[in-house]
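Student: I have a model open and want to learn how to read it. Where do we start?

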Amino acid sequence: MGIPVIAIDGPSSAGKGTLCRSIAQYLHWHALDSGIFYRILALAAIQDNINIESDNSLLAIANHLDIHIFLIDNEIQVIFAGKNITNEIRTQKIDNMASCIATFPRIRQAILYHQRMFRKAPGLIADGRDVGTVIFPDACVKIFLDASLEVRAYRRMLQLQEKGFDANLSQILSEIKKRDNRDINRFTAPLIPAKDALILNSTFISSNQLFKKVLSYIQKKLNIT
């Protein structure tokens, strides 16, 4: 077996990012938020006044991304063109734009190269929407994490508020519904569970309970402690 990959997929605010980082820290593996690349492109579109309804201009950026992603204190930090943009790419506006950009097949193909470059020893834990189905279909462990729409919207509101952003629950609820629809129904790499994925629902369990459950599953699958 080559460098192992654990894939954690699911919709927005299901808890996969927190789970990914926690497992990565426990195992001392690398962590990747695969959707960060689309967020970076969304920010670049704003900065360069690029129309995201056409992928031509974005494709040039996607093919030559100058980024560095690393984990510090259980938080993924993103350096783009020499600048830390971690907080800038976590707004609801960027979230919505990234979802739209992610529907372009040519953009997804360009990003795929960068995503797969993060597969490094001793192993990688990656979260996203197509990690186990497209990016790393050979992942040794695949998990699909879901939660109710209402709980996901509430979690997203708290995330935004903690970062100092204004957040309206009803607006977030509406935007998550739209994003779910885009992600599930896009032609390229739709949001679906891998056939061999463990499907979990985090609606009624804490992040700590989820961590213990998933860690136990990983340890049994990989025969590690």
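Tutor: With aromatic pairs. This is a predicted model. It holds two aromatic pairs.

Student: What kind of pair do Tyr26 and Phe211 form?

Tutor: Check the angle between the ring planes. Over 60 degrees counts as edge-to-face. The planes of Tyr26 and Phe211 stand at 70°, so this pair is edge-to-face. Their ring centres are 6.0 Å apart. Tyr26 sits in helix 1 and Phe211 in helix 9, 185 residues apart.

Student: Is Tyr26 buried or partly exposed?

Tutor: Buried means under 20%, exposed over 50%. Tyr26 has 41%, so it counts as partly exposed. Phe211 has 17%, so it is buried.

Student: Which residues form the other aromatic pair?

Tutor: Phe37 and Phe118, again edge-to-face. Phe37 lies in helix 2, and Phe118 in the loop between helix 5 and strand 6, so the pair ties together parts 81 residues apart in sequence. Phe37 is buried at 0%. Phe118 is buried at 17%.

Student: Which residues of helix 5 are buried?

Tutor: First, the general idea. An α-helix has 3.6 residues a turn, so residues three or four places apart point the same way. In helix 5, the buried residues include Ile107, Ala110, Ile111 and His114. The buried residues of helix 5 pack against strand 2, helix 2, helix 3, helix 4 and helix 6.

Student: In what order do the strands of the sheet run?

Tutor: Read across the sheet. Five strands form an open, parallel sheet in the order 2-6-1-7-8. Strands 2 and 8 are at the edges with a single partner strand each, so one side of each has no neighbour in the sheet.

Notes. Residues are numbered from 1 along each chain as its sequence is written. This is a predicted model: local features need pLDDT of at least 70, side-chain atom pairs count only at pLDDT 80 or more; totals for chains, interfaces and linings use all residues. Side-chain values use heavy atoms; hydrogens and water are left out. Buried means under 20% relative accessible area, exposed over 50%, partly exposed in between (1.4 Å probe, protein chains only). Helices (H or I, at least four residues) and strands (E, at least two) are DSSP runs, numbered from the N terminus. Contact means heavy atoms within 4.5 Å. Two strands pair if DSSP finds at least two bridges between them. Rings of Phe, Tyr and Trp (its six-membered ring) pair if their centres lie within 6.5 Å; planes under 30 degrees apart count as stacked, over 60 as edge-to-face and the rest as tilted.
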